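Have the structure open as you read.

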Amino acid sequence: MLGVDHLLVIIEFLGTFAFAISGIRQAAGKNFDWFGGFICGIAVAIGGGTIRDVLLGVRPFWMTAPIYIICTFIAQLFVVVFSRYIKKLDNAWFVFDTLGLALFTIAGMQKTLDMGHSFWVAIIMGTITGSAGGVIRDVLLNSVPVIFQKEIYAMASIVGGFLYWLMIYLGVNVTVSATVSFFVIVAIRFFAVKYHLSLPKLKQL
């Protein structure tokens, strides 16, 4: 089994890559140039984690090592090189966005728990880590943020975060807890989109 520190680094790296691809691909859909695509990619990749770290009073994770910036460059190169194949996958951005949501939720949860905060704070931080970057991306793209639309997005993060904490509380191995929570968040998002599941809408007053 992987140690907690190593697992957290792997999760943050994979989450950065997945979120960067989702941001860059959507920027491509808006006909942004390469620089604009990179800005959207880096915004969604580090936005949520930056807000989390500022709230926790620690140095933002991407400032501790250049690997996260490099990861975004790799993601942009991936989109540019394989753009012909990615265009054929209409839901590719959704897949990468969902993977990033799940990975960053777990990373945010674990980092907050490591700092000794209570489980409800950890769930909030996990949700912010997973979804805030997407809000920044959508604002840059002049789109309505996904979490404010009919799709279940942040709620998937909350449910997965609670499950992760519960498994840790019950003494389940961190790697197992992270894996199970990851698939639960992904499954909730996939089922919500496939079957058009959503929370009740507010009525106009």
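## Helix packing and a buried arginine

In this predicted model, helix 7 (residues 154-169) and helix 8 (residues 174-194) have axes that come within 9 Å and cross at roughly 160°. An angle over 145 degrees counts as roughly antiparallel, and helix 7 and helix 8 are therefore roughly antiparallel to each other. Their crossing is right-handed. By class, the contact of helix 7 with helix 8 has 13 nonpolar, four polar and one charged residues. On the helix 7 side, the residues include Val159, Gly160, Leu163 and Met167, and among those they meet in helix 8 are Val180, Val184, Ile188 and Arg189.

Now to the other pair. Helix 2 packs against helix 3 (residues 67-81) at an angle of about 130°, with the axes 10 Å apart. That makes helix 2 oblique to helix 3. Helix 2 passes helix 3 in a right-handed crossing. Here Trp34, Gly37, Phe38, Gly41, Ile42 and Ala45 of helix 2 meet a set in helix 3 that includes Tyr68, Phe73 and Val80. The contact of helix 2 with helix 3 has eight nonpolar, four polar and no charged residues.

| Helix pair | Angle between axes | Axis distance |
|---|---|---|
| Helix 7 and helix 8 | roughly 160° | within 9 Å |
| Helix 2 and helix 3 | about 130° | 10 Å |

Helix 2 (residues 34-56) also holds Arg52. Is Arg52 buried or exposed? Arg52 has a relative accessible area of 1%, and under 20% counts as buried, so Arg52 is buried. Leaving aside neighbours within four places in sequence, Arg52 is in contact with Glu12, Phe61, Ala107, Gly108, Lys111, Met125, Ile128 and Thr129.

Notes. Residues are numbered from 1 along each chain as its sequence is written. This is a predicted model: local features need pLDDT of at least 70, side-chain atom pairs count only at pLDDT 80 or more; totals for chains, interfaces and linings use all residues. Side-chain values use heavy atoms; hydrogens and water are left out. Axes are lines fitted to C-alpha atoms, for helices over the stretch in contact, and angles run from 0 to 180 degrees between N-to-C directions. Helices (H or I, at least four residues) and strands (E, at least two) are DSSP runs, numbered from the N terminus. Angles under 35 degrees count as roughly parallel, over 145 as roughly antiparallel, 65 to 115 as roughly perpendicular and the rest as oblique. A crossing is left-handed if the near helix is turned anticlockwise from the far one by less than a right angle, and right-handed if clockwise. Contact means heavy atoms within 4.5 Å. Ala, Val, Leu, Ile, Met, Phe, Trp, Tyr, Cys and Pro count as nonpolar, Asp, Glu, Lys and Arg as charged, and the others, Gly among them, as polar. Buried means under 20% relative accessible area, exposed over 50%, partly exposed in between (1.4 Å probe, protein chains only).
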